Number of protein chains: 2
Amino acid sequence: MHNVYREIASWLEPLGVNVRIDAVGNFRALYPRDRKSDPRLLIGSHLDTVPNAGRYDGILGVVIAAALIEAWHGEKLPYAVELIGFSDEEGARFGVPFIGSRALVGRVDDDLLNSQDAAGTSAEQAIENFGLHPADIPDAGLHANVCGYLEFHVEQGPVLEQLALPLAAVEAIAGQTRMKFAFRGRANHAGTTPMHLRADAVAAAAEWITIVEKEANAHPEMVATVGSVIASPGAANVIAKEARVSLDVRHRTDDVRVGAVEKLTEQAKQICSRRRLSLNYSTLLNQPAVAMDPFLIEQIEIAIGASGCKPYRMVSGAGHDAMIMAEKVPAAMIFLRTPGGISHDPAEAVLAEDVAKAIECGMHLLHQLASEADFLKGTPRA
Amino acid sequence: MHNVYREIASWLEPLGVNVRIDAVGNFRALYPRDRKSDPRLLIGSHLDTVPNAGRYDGILGVVIAAALIEAWHGEKLPYAVELIGFSDEEGARFGVPFIGSRALVGRVDDDLLNSQDAAGTSAEQAIENFGLHPADIPDAGLHANVCGYLEFHVEQGPVLEQLALPLAAVEAIAGQTRMKFAFRGRANHAGTTPMHLRADAVAAAAEWITIVEKEANAHPEMVATVGSVIASPGAANVIAKEARVSLDVRHRTDDVRVGAVEKLTEQAKQICSRRRLSLNYSTLLNQPAVAMDPFLIEQIEIAIGASGCKPYRMVSGAGHDAMIMAEKVPAAMIFLRTPGGISHDPAEAVLAEDVAKAIECGMHLLHQLASEADFLKGTPRA
């Protein structure tokens, strides 16, 4: 067993859990161990992270789940808790994210298993090399009695810090479009080509980038980013022949996002037409927004309030396992404030008092759900 | 003797010239050979060009000078012509341009001689390796009787083609400012950072690049170019922390150019202040404009008209040896139309009929100057 599994198991086993590693490497602990036929609430997050990462992205949610089981120890509640530590959420190795949670909803397909890492090892081979059996992946699927999924996670953004709030209920995970655009003009001498005879790719791209920012600002909660700009040939005294730029647009409402992307594409065409450039573009990702479960969002807000904090709802701009789990069961997330909004970086931090509030909120939530018979009877969605 | 020297010498020697290679490798041919004490008109251009270049930049001006001597052969005029093929105008090897013409005006100094090429060979050593003697460089200086310098050159831009004119008189060589700017914000997650909490270096740089273009368009004949843009970290889903951009501004009037550069620098500061970014910038080049000689410009216009073409005056956005020669003697240039404005590229071209017009114009000019006693008596400027 890998060190991280052994460590978490060593916290939980004294409490009376049933620990197993499923066929894609998810850590799964059922508490109490003898309540297999009870309604089951899943609580977890991911164990992996990115290279050169911080100490909280993902694993904090697993640690909080373990802390809840510890705090709960000895109490009688009408459901079991299954703690999950997902094995691969980031997709750092195979370029495909959410491998762990996809196994729970039955979406580990051949494409995923055939994905290769930089060394040419397939995901399937890597699972075998780890001592697991890809043929058993169907056994990793959701248990029939699962009534919901809860995930505690660092916000990874600056919103809660700006509002001076420790916690928030996530009401949706934003949909996302990723595109690339190539503005193509003519390379020319920067000294001898008058302004009106240019087809300057950098000038065209710059005009468009200012429009991208304006479009995002015109829609509340939209974010739009041009993070990559590559100008060719890229010499100070040569008018650029080509500017290749990325576009990342996210919003909670798919129609709003898709409308903005269409408008921006149209604007890029118009700019190129007016400036006598050509335009190439393609869509790399077009992922719909995922709503969290309205009942669980409400319960989380009540629990946040019961912990002495001001309830707050927000949209997650980043993807999470809860987005995958929501395909099959009611799912929701609780965000913890991220100092400086810094994540995926060794400087990533959390405040100890925020973690204490998250555990307090989690305990209130577990008690609230104990009296929600309809929720506990819920069965996996089709 | 290098092949190019041998080739040009083989055209001229039958006409009765005195050929020599001066101490920086300039090809110099005096015609007629026995008229050393006469007033002397210099006609030439450069023999070098850039890597992966076209066939006309520079050498066309030397070939036209040779054609004029050939056409003139047998006529009696009250001055001699010294044909010059400058050895290094582009600065491709040592990073220092105008080595050939600097030798004529006495500006080959130790800094220039110590400049090294990519292999670590100094200019001084390269001159010795070529079989020349750096100690003789002062002998390459202008002869006391030189009354002026004329240079035929491809325009290297699209202006004459747009106007459907074969020739133009160059009235000035534009001054030039080159700067680099670094817009520095904060890298953040493109999904989790709301628009109002960003310090996006690409968005800031794009706003500024649009202003650069507007500023150039606000001043007739100004050109301003951002040819290089480097965004860091440059990932589609990360807000850029830094955008480094180049600026190249050129204009015939130094005050106008310097004023525009100051305004653009101020605008960059304001954009960074408003967006909570920091700004770093530095000036790499600040080169004043150089006027061509008014008398020679007039004479060129008359000669263009006498050749059946419409006289036209224009500013050169690129630097030329004439700019260096103008420090000491009346200097002027005649531009030939460049198809497509393409230069420094194998696709560089000229029209044969334009070259014929340039030679016709040159012959008119040589005859006109024969009756300008004041011009012929002119001595080198201090």
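This report covers two interfaces in a predicted model: the one between chain B and chain A, and the one between the two domains of chain A.

## Chain B against chain A

The two chains bury about 3,800 Å² between them. Carbon and sulfur atoms account for 61% of that area. The contact draws on 49 residues from chain B and 49 residues from chain A.

In one of them, B:Arg275 meets A:Glu213 at 2.7 Å, N to O.

## The chain B side

Several elements of chain B give two or more residues to the side that touches chain A. The helices are α6 (159–163) and α7 (201–217). The strands are β8 (188–189), β9 (223–225), β10 (229–232), β11 (238–239) and β12 (242–251). α7(B) gives the most, with 9 residues. By class, this side of chain B has 23 nonpolar, 18 polar and 8 charged residues.

## Domains of chain A

Chain A is assigned domain 1 (3–174 + 289–376) and domain 2 (175–287). Their C-alpha centres lie 37 Å apart. Here 8 residues of domain 1 contact 9 residues of domain 2.

The buried area is about 620 Å², with 46% from carbon and sulfur atoms. On the domain 1 side, A:Ala174, A:Ala289 and A:Val315 lose the most area, together 62% of what that side buries. The rule finds 1 salt bridge between the domains. The side chains of A:Glu171 and A:Arg252 form a salt bridge at 3.1 Å, N to O. The domain 1 side has 6 nonpolar, 1 polar and 1 charged residues.

Methods. Residues numbered from 1 in each chain as written. Chains lettered and ligands numbered in written order. Predicted model: local features only at pLDDT ≥ 70, side-chain atom pairs only at ≥ 80, totals over all residues. Heavy atoms only, no water. Contact = heavy atoms within 4.5 Å. Buried area = accessible area lost by both parts, 1.4 Å probe. Salt bridge = Lys/Arg side-chain N within 4 Å of Asp/Glu carboxyl O. Helix = DSSP H or I, 4+ residues; strand = E, 2+ residues; numbered from the N terminus. Nonpolar A, V, L, I, M, F, W, Y, C, P; charged D, E, K, R; others polar. Domains from an automatic or database assignment.
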